[in-house]
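Please look over the sequence and the model below before reading on.

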Amino acid sequence: MLRLKLLCIGLTMPIFLWANDTIYDTSEQSFNIDSLWVLLCAILVFLMQAGFKTLETGLVKSEHRTGVGAKNLMDMVAGMLGFFLLGYGFMFGDSLYGIIGFNTDLFAGGDLTKSGIGIPGIVFFLFQVAFAGTALTIVSGAMSGRTGLLPYLIGSLITAIIIYPVFGHWAWGNILDPTNHAWLAEIGFMDFAGSTVVHTLGATVGLVGIILVGPRLGRFDMNGKILPIKASDYSYSILGVILLWVGWWGFNGGSTLTFGNDVYTIILNTNVAGAASCFSAFIFCYFFQDRTELIEKMAGGALTGLVAITACCNVVSPSSALIIGLLAGIIHNLSFDLILKVLKFDDPVGAIPVHGFGGIFGTLCVALFGKEELLMLPRWEQLLVQAIGVEVCIAFTVLVSFIMFKTIKSLYGLRVSPEQELGGMMAGRKMPKDFYEKEGEKKIQYASIKVSGKGYNLINIKNFIDLSKSYRDGLIQNERVAFIDAGGEKVNIEESLRQLSVLKESSLKNEPLMHA
Amino acid sequence: MLRLKLLCIGLTMPIFLWANDTIYDTSEQSFNIDSLWVLLCAILVFLMQAGFKTLETGLVKSEHRTGVGAKNLMDMVAGMLGFFLLGYGFMFGDSLYGIIGFNTDLFAGGDLTKSGIGIPGIVFFLFQVAFAGTALTIVSGAMSGRTGLLPYLIGSLITAIIIYPVFGHWAWGNILDPTNHAWLAEIGFMDFAGSTVVHTLGATVGLVGIILVGPRLGRFDMNGKILPIKASDYSYSILGVILLWVGWWGFNGGSTLTFGNDVYTIILNTNVAGAASCFSAFIFCYFFQDRTELIEKMAGGALTGLVAITACCNVVSPSSALIIGLLAGIIHNLSFDLILKVLKFDDPVGAIPVHGFGGIFGTLCVALFGKEELLMLPRWEQLLVQAIGVEVCIAFTVLVSFIMFKTIKSLYGLRVSPEQELGGMMAGRKMPKDFYEKEGEKKIQYASIKVSGKGYNLINIKNFIDLSKSYRDGLIQNERVAFIDAGGEKVNIEESLRQLSVLKESSLKNEPLMHA
Amino acid sequence: MLRLKLLCIGLTMPIFLWANDTIYDTSEQSFNIDSLWVLLCAILVFLMQAGFKTLETGLVKSEHRTGVGAKNLMDMVAGMLGFFLLGYGFMFGDSLYGIIGFNTDLFAGGDLTKSGIGIPGIVFFLFQVAFAGTALTIVSGAMSGRTGLLPYLIGSLITAIIIYPVFGHWAWGNILDPTNHAWLAEIGFMDFAGSTVVHTLGATVGLVGIILVGPRLGRFDMNGKILPIKASDYSYSILGVILLWVGWWGFNGGSTLTFGNDVYTIILNTNVAGAASCFSAFIFCYFFQDRTELIEKMAGGALTGLVAITACCNVVSPSSALIIGLLAGIIHNLSFDLILKVLKFDDPVGAIPVHGFGGIFGTLCVALFGKEELLMLPRWEQLLVQAIGVEVCIAFTVLVSFIMFKTIKSLYGLRVSPEQELGGMMAGRKMPKDFYEKEGEKKIQYASIKVSGKGYNLINIKNFIDLSKSYRDGLIQNERVAFIDAGGEKVNIEESLRQLSVLKESSLKNEPLMHA
């Protein structure tokens with residue numbers, strides 16, 4: 001091999017070899033075919049970044065296109081760097097008490113060549129780093145439109161270094177070294193290509209982020225009623241769905257880490273589930289739901305089927321995949337409405353229904369639809385273990401990501417100022433020098449009103465003054481309102497009330513209150 | 001193999017294997033290389049869905065972007081489901097009297113593993129289902145802007161289950177099982193990767209759809225004069241051309257179903273023809289045609305060369321490919337003008353010139369440019385057989401798709417209402433609950449005027465009243481006009497004339513007739 | 001092989017083979033794996049055309065989207081045709097005195113099958129033609145927004161036939177036939193995948209084009225101050241970055257021309273450098289530069305790291321790749337400001353900082369960061385040779401592309417008329433019949449003012465008249481101003497002064513001069 005390498009170098013570039021130098025013996029050959037397949041799949045999974053970017057960009061408001069695009073690029077970079085430097089070693093390194101991996105060879109690409117599996121260690125890294133990137137990018141859509149770029153970048157780095165690798169270690173930590181303890185894998189938890197490890201985890205980080213950053217301005221009115229938000233370009237989102245779908249051939253197909261007969265069935269199942277899910281989401285929305293969200297339902301429906309089949313595509317038959325897909329579409333549509341209309345979470349791209357509900361459903365489908373002989377445990381025990389895996393994932397991820405976002409929020413702030421949000425400024429297009437710097441003046445400009453306890457809504461202070469006195473006073477006394485200056489900072493209540501009385505007078509002078 | 005499978009399952013997921021387990025004997029190895037190639041090509045053909053979506057979205061009016069995107073996703077899903085459930089078995093199953101295949105193993109993925117060819121049956125299915133999707137999606141562009149989503153979905157399903165598989169059975173039905181009778185193949189019809197089977201067939205379905213659904217509002221004025229229509233984003237369409245071009249490497253390169261030396265020449269020919277065709281279309285338009293359609297001509301020109309080389313890329317030399325491409329560009333430009341300016345068909349994305357004319361030309365090029373020793377028959381006999389294949393395809397497709405669309409039209413309607421069309425409502429964005437429900441009132445709002453007998457044009461009733469009395473009366477007496485209410489329903493002629501007289505009076509009162 | 005081929009043909013299409021026919025012996029097998037890998041990489045490099053198109057389209061003004069898209073398609077076609085017909089033979093044919101290759105077998109695909117390397121000759125051609133296309137398309141962005149489509153096409157053809165192949169012959173001319181003299185390769189110049197051969201060369205052609213075509217209208221005011229230009233869609237550009245990044249897996253990974261262990265490290269290095277570069281460009285801009293260009297810096301930063309690692313990805317460790325990336329991001333940001341703000345070149349998409357500075361830096365990194373045992377020469381000698389290679393590339397390319405663009409400019413004109421530029425007419429959308437025809441009247445409408453000697457700026461003649469008399473006279477006496485009619489033609493100075501005096505009077509009458 002050394003001789004080969006020296007020869008390579010000896011011939012200027014591009015390095016070339018004569019045919020007689022590239023004859024491997026048969027065993028190295030098959031090594032290569034598996035490597036080529038997994039590498040191709042890594043490329044496809046990487047291409048999913050383009051799919052996510054496109055999907056999300058099309059679904060947000062025009063002024064937030066740039067911001068969500070920038071976040072997609074940023075989390076791709078953060079995932080690559082964080083996972084390369086530390087995350088990969090934490091996920092696949094030698095297990096410390098089953099909690100976290102640790103292997104200096106795997107940090108910062110120290111020595112990725114060692115591999116107990118049938119493909120080179122670097123190919124495995126490339127495939128895994130693309131997976132990590134997928135988990136991260138789910139968050140970008142969920143928090144889009146109001147989250148600052150720098151806090152988002154910090155959150156992405158922490159997710160790539162801590163959250164994803166630690167849970168990943170529990171479920172998949174024994175792949176690279178089978179002697180490792182990966183406790184979820186050891187109790188029989190099955191998540192073939194990551195319905196839970198990638199999708200539910202990503203969606204859970206996103207959900208915590210959504211709650212902590214609050215809804216976009218103009219998502220709800222002050223009574224919690226949903227206001228219409230115009231997607232910037234639905235058609236662009238459909239391009240995203242197709243690109244993601246293509247990427248899924250590799251996402252699931254590469255997870256065997258070998259190019260055997262299983263691959264074909266896995267890809268067939270993936271496609272059948274995606275198509276069935278898109279179909280059922282369309283039909284269900286068309287005939288039983290509000291058609292104004294038909295495109296969101298179709299697009300998200302397709303993806304939910306793909307997410308759901310991810311855990312179980314290697315253990316179910318194509319006809320089961322069809323049923324899983326048909327169910328996934330309906331689950332998507334119902335959970336979409338649940339998140340937005342009942343729970344009043346502002347998830348601009350529908351990431352929670354797709355990756356959260358789809359991921360949970362798919363993980364359970366392993367037990368529900370898997371061929372019995374391919375399961376690790378008897379069916380009902382398997383179902384229990386699958387449920388445990390999902391719950392552990394959600395509990396762990398909620399805990400750590402809550403601490404993470406809360407800390408970022410306290411130290412730095414998660415959210416851009418209202419001016420920046422309304423102007424689409426979080427992504428540099430119009431971002432001023434003093435992007436996150438506090439402004440000196442504390443003149444209140446917005447009232448932030450809690451909505452059903454689940455989020456809040458900002459309204460212009462003039463609209464607040466226009467409310468009836470009793471409603472206003474009720475909000476203030478129940479601490480359901482906070483006052484915010486132009487920079488997004490809270491103004492303390494005494495100062496607010498003082499300003500409010502002045503504002504009200506001037507308001508009264510200029511335009512008589514109609515609602516009072 | 002069973003041992004391998006069990007081993008796979010025994011080790012949690014992602015399943016992994018040690019190098020010594022993945023050593024195949026040499027014959028299985030080559031099996032794998034061919035499989036990997038065809039699978040890669042299936043991925044590329046699948047990616048063409050993104051290309052079609054992007055191409056078509058850019059060429060339609062802004063308000064129809066969402067609609068055409070949704071149709072692209074819908075036909076991808078319909079193709080996948082329809083072909084999986086029934087179409088594949090009808091196309092490649094055991095031949096019933098040479099008319100249609102029938103094989104329960106091939107329905108709903110019953111047992112796709114059996115294969116007499118050098119690649120696994122599932123890989124062949126994945127490649128073929130991607131082909132079916134291509135044929136279907138050609139229709140979406142042709143009918144875009146005025147066709148309802150649900151009738152379109154139904155049409156796609158029928159095309160995927162009946163039209164494409166039946167004609168496909170005649171031309172390619174003996175591929176999976178060489179003992180099958182595929183009568184066109186048996187008389188020597190050569191269509192390597194589907195210039196006729198995929199492209200001409202898709203274009204023919206589109207053409208019948210175009211005629212039955214009629215032109216978009218505002219495409220022609222009431223004298224049949226072409227009115228300008230602003231493409232939403234030409235640049236986006238060019239992205240589509242590039243994506244389609246990339247996909248074509250797989251479309252043609254994978255059709256050998258093996259990774260041998262032929263593949264390289266095929267891909268070279270494909271690229272040369274595409275480039276030559278784009279070049280000649282550009283030059284021809286630039287110097288000899290109206291430059292206002294330069295982008296349409298460039299984009300469509302490139303694709304026409306790719307369509308044309310599809311049938312013959314395995315039997316012609318690169319220099320012949322160059323000539324075929326140069327001719328294809330000119331054929332595109334001339335047929336583009338023929339369709340739009342002479343025949344007055346409203347084909348918003350130029351699908352007929354590209355896939356119809358390009359497909360026919362390419363199929364004939366097999367005989368015209370193919371190396372004699374690679375043809376099935378002597379050159380002129382071959383040409384005759386090629387022409388027969390094309391004619392059979394068109395005749396069969398016209399017949400069945402006419403019955404199909406006519407039936408959908410009678411039972412359900414093909415077209416959205418004028419309000420929905422003008423507002424881009426067929427895709428859910430603004431789609432009301434009563435999308436296809438008939439409205440109670442029958443007030444006439446539009447006059448639908450037959451244009452040169454080939455389609456019709458809707459104008460606002462006020463503009464109709466502004467016509468000179470003799471012209472109006474001529475239209476009514478010759479039954480060249482129908483009156484339409486806001487919901488798109490025809491109003492019977494007596495009621496129309498009654499309303500018309502009222503309208504005319506009120507119109508006269510408000511604004512004196514200038515043209516009368 | 002002949003037997004195989006005849007068999008292929010004998011079985012209608014798609015040609016298929018039984019498993020027993022496709023069993024190759026082991027050596028042919030490895031041949032195939034390498035071929036498959038390089039072919040896959042060619043596809044990925046070809047996909048970079050979509051990336052460039054998308055990147056550039058998003059960064060230009062809305063009215064220039066179509067134009068830059070059309071140029072991207074045009075140079076892809078020109079590259080394919082020019083390289084196929086002549087360029088490939090000039091680059092890889094038998095060396096004539098070390099200056100240019102010449103081999104009739106390689107012209108027009110005469111006989112591409114012969115190959116002394118481990119992959120089929122046609123696969124090598126496909127990979128190389130995709131590289132040529134990359135070099136060409138760099139120019140489209142640099143010159144976008146004001147260059148005519150036809151002169152651009154002519155320039156692309158010449159670049160594909162002469163400039164790229166000749167320099168390429170010097171650096172890479174011995175790849176296909178090791179007995180060839182490629183003088184730069186022979187003195188030890190190392191440019192693995194083309195930081196210099198592809199990127200610096202492309203950027204240099206672009207730079208010469210930028211200087212000769214001049215800045216876009218409205219880029220600078222008459223004092224050379226930079227005016228804001230609104231990118232059409234930053235988010236679309238980010239899609240381009242991701243697509244390019246995906247393509248780079250093939251661009252660098254395929255340049256080994258074999259699928260060995262080097263491939264994995266190369267791809268790892270590529271990704272690490274790209275991520276590090278995007279990260280450092282973001283951080284550097286965020287904290288030390290003007291954030292209004294944050295997206296340009298992020299996007300261009302990522303690409304600069306990818307360009308830089310291109311020359312050296314096969315000789316550096318992953319940790320060196322990290323450092324190269326971190327430096328590349330900062331180099332990008334500084335050179336971005338240098339080009340735009342100091343040198344006042346109007347490079348609408350930042351092609352020069354990315355491909356020029358990134359390419360030079362990467363070529364030097366071979367010597368600076370390469371593992372000593374993998375270099376051709378001792379480190380400092382290597383550095384010298386690398387610098388020589390870069391300088392030769394720039395000097396040669398400047399010379400030939402200057403002659404090329406100057407000739408096109410004299411014979412035909414490079415630039416569209418101001419009306420066409422402002423209306424986005426260079427791409428056919430609104431292009432009139434008399435696109436490049438000279439207009440009869442010579443009424444001055446614009447004053448073209450030299451900006452710091454490096455370019456010029458067009459302002460409306462009315463604004464020129466509004467300048468103070470002394471400033472105007474200074475410009476005229478120092479020959480810093482020329483007068484231009486509506487068609488973009490220069491009006492001679494006597495006629496201009498005559499018209500100017502009339503204009504000034506009428507201007508004085510209509511609106512009193514405020515600034516005079």
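What follows is a short briefing, grouped by topic.

This is a predicted model, in which local features need pLDDT of at least 70 and side-chain atom pairs count only at pLDDT 80 or more, while totals for chains, interfaces and linings use all residues. Residues are numbered from 1 along each chain as its sequence is written, chains are lettered from A and ligands numbered from 1 in the order in which they are written, and side-chain values use heavy atoms, with hydrogens and water left out.

**Chain A as a whole**

- The secondary structure of chain A comes to 17 helices and six strands, where helices (H or I, at least four residues) and strands (E, at least two) are DSSP runs numbered from the N terminus.
- Of its 516 residues, 68% count as buried, a term that stands for under 20% relative accessible area, with exposed meaning over 50% and partly exposed in between (1.4 Å probe, protein chains only).
- Among the contacts in chain A with a separation of 6 or more, 75% come from residues 24 or more positions apart, contact meaning heavy atoms within 4.5 Å.

- A:Pro353 is part of helix α12 (residues 351-369) of chain A, and it counts as buried because its relative accessibility is 1%.
- Beyond its neighbours within four places in sequence, A:Pro353 is in contact with several residues, including A:Thr304, A:His332, A:Phe336 and A:Asp347.
- A:Tyr97 sits in the loop between β1 (94-96) and β2 (100-102) of chain A, where it has a positive phi of about 55° although it is not a glycine.
- With 79% relative accessibility, A:Tyr97 counts as exposed.

**Helices α5 and α7 of chain B**

- The axes of helix α5 (residues 149-172) and helix α7 (residues 195-213) of chain B come within 10 Å and cross at roughly 140°, the axes being lines fitted to C-alpha atoms over the stretch in contact, with angles running from 0 to 180 degrees between N-to-C directions.
- α5(B) and α7(B) are therefore oblique to each other, since angles under 35 degrees count as roughly parallel, over 145 as roughly antiparallel, 65 to 115 as roughly perpendicular and the rest as oblique.
- Residues of α5(B), among them B:Ile163, B:Phe167 and B:Trp172, meet residues of α7(B) that include B:Val198 and B:Leu201.

**Strand β5 of chain B**

- Strand β5 (residues 481-485) of chain B is largely enclosed by the rest of the structure, because five of its five residues are buried.
- B:Val481, B:Phe483 and B:Asp485 point one way from β5(B), whereas B:Ala482 and B:Ile484 point the other way.
- Two bridges join β5(B) to strand β6 (residues 490-491) of chain B, and the two run antiparallel; strands pair if DSSP finds at least two bridges between them.
- Across this pairing, B:Phe483 stands opposite B:Val491 in β6(B).

**A loop residue of chain B**

- B:Lys61 lies in the loop between α2 (26-59) and α3 (65-92) of chain B, and at 14% relative accessibility it counts as buried.
- Not counting residues up to four places away in sequence, B:Lys61 touches B:Leu217, B:Ile229, B:Lys230 and B:Ser232.

**A helix residue of chain C**

- C:Thr134 is placed in helix α4 (residues 121-142) of chain C, and it counts as buried at 1% relative accessibility.
- Leaving aside neighbours within four places in sequence, C:Thr134 is in contact with residues including C:Val45, C:Phe52, C:His199 and C:Phe251.
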